[in-house]
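This report describes the architecture of a single protein chain.

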Amino acid sequence: MAGKGDGGVSGESESIADKYFVCTECLVEGNVQSFVDLFYLTHALDGADNEEEETLALASYDTLQFLKTQLTEAEVANRQAQHDTVFGSYMGIAQYYQDQQDYKTAVYFLTKALDVSRIAKQTTLEAEANQALGLAQEKMGNLRAAIDYHETHRQLLEHAGLELPQASGRHLIGAYKALAEELEREGDYAGCIEYLEKSLEAASSLKDRAGEGLALEQLGNALMLQEKHNKASERFHQFLAICQETDDKIAEGSACSSLASAYEAMGDRAQSIKYLEAFHEIALTTGELSAQREACGRLGVIFNTAGDFMLSVHYFTKSFEISRSLGDQKAVDAARVNLGVARGCAKKAAYMDVVNNKMDALLSWKNRRTPLDEK
């Protein structure tokens, strides 16, 4: 007779025999519900075309025995109203399937555990089940369902007078932000802002200053997309205050950059320049070359628009030099064009004066490339 390792057909036959044997044991022992659940678990994937699902269906004998033990323990304990044991068995099975990344089956048993906790009227167990369901729904990408479970988990703990663990709070914040980002991609900016506000509130309740800052930055960005520039600037100012409080220089630079964008959108050039200069100074302090280049490039543009061509040339020159030091050819090419335009604008008045009043100097420049300012 061929061994287990001699072929897929032999291994599959043994797996089917194992399933038949273990399921039959449940019936012989009088555990009908365990038989039903085990039959579902071991046969639900048998008709699958997916190779990975077929592998899951052909569970090992040890796995079958583990599932049988957990299910029968739960059934026997349920008859005796030992709710803690039933709850523990269902949670154990759910954890096994989560480890296998089979979150659909995990949710099935987590829901059974939740039902048991409610029958037992044990708030802490109900909170635990809700948290586990929230995490499983996150893994499945069901963000709204995940948020519902996470919020219920928080409410149950509050009702019991217990503090929400930091890790649990961060999962709720993460779910809020993930849904906000999804809504932003869909163009639902109002919904995005709603969940970012919830994220901010949750971070505040945890006294998570860094989390508050990130939520404020994202809120400001979302408000900018809605062209609510004044409200966006308020959020960016709050973000800046937290960055300064926590001495996070990199985030402080980001806040100044965002404020510059908000004031530019509102037409307040002076304030925009103020925060761009602050952004540049912070970037010099932290040594972030990319941030320095961005600040210099933006200052070059704003001064060129304002007609201050000498300062525009000054900042575009810095932007060009940084791009060259970074070896970023695409950025070098763009900076070279900007610098050329700025230099041209800076010399435009002198050139037009020559054109209008000093034709001999212009002809000399054309013939011998004598600098115009020497004439």
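## Overall composition

Of the 375 residues of the protein chain, 42% count as buried, where buried means under 20% relative accessible area, exposed over 50% and partly exposed in between, with a 1.4 Å probe and protein chains only. The chain holds 18 helices and 0 strands; helices (H or I, at least four residues) and strands (E, at least two) are DSSP runs, numbered from the N terminus. Among contacts between residues at least 6 apart in sequence, 50% join residues at least 24 apart, a contact being heavy atoms within 4.5 Å.

The model is predicted, with local features requiring pLDDT of at least 70 and side-chain atom pairs counted only at pLDDT 80 or more, whereas totals for chains, interfaces and linings use all residues. Residues are numbered from 1 along each chain as its sequence is written, and side-chain values use heavy atoms, with hydrogens and water left out.

## Nonpolar cores

A nonpolar core is a set of buried Ala, Val, Leu, Ile, Met, Phe, Trp, Tyr and Cys residues joined through side-chain atoms within 4.5 Å. The largest one has 49 residues, and Y195, Y275 and L299 have the most contacts inside it. Two or more residues of this core come from each of α8 (143–159), α9 (166–185), α10 (189–205), α11 (209–225), α12 (229–246), α13 (249–265), α14 (269–286) and α15 (289–306). Another core, of 29 residues, lies apart from it and includes C26, L67, I93 and A113.

Leaving aside neighbours within four places in sequence, Y195 is in contact with R144, I147, Y176, L179, A180 and L183. L299 belongs to helix α15 and is buried, with a relative accessible area of 0%.

Beyond four places in sequence, R235 touches E197, L200, L216, L219, G220 and L223.

## Helix pairs

Helix α2 (residues 32–43) packs with α4 at an angle of about 145 degrees, their axes 9 Å apart. Axes are lines fitted to C-alpha atoms, for helices over the stretch in contact, and angles run from 0 to 180 degrees between N-to-C directions. In this pair, V32, Q33, S34, D37, L38, L41 and T42 of α2 meet L64, L67, K68, L71, T72 and E75 of α4.

Helices α5 (residues 83–99) and α7 (residues 123–139) cross at roughly 15 degrees, and their axes come within 12 Å. The two are therefore roughly parallel, a class for angles under 35 degrees, with over 145 roughly antiparallel, 65 to 115 roughly perpendicular and the rest oblique. D84, F87, M91 and Q98 of α5 make the contact with L125, E128, A129, A132 and A136 of α7.

## Q70 in α4

Q70 lies in helix α4 (residues 61–79) and counts as buried because its relative accessibility is 15%. Apart from neighbours within four places in sequence, Q70 is in contact with G88, S89 and I93.
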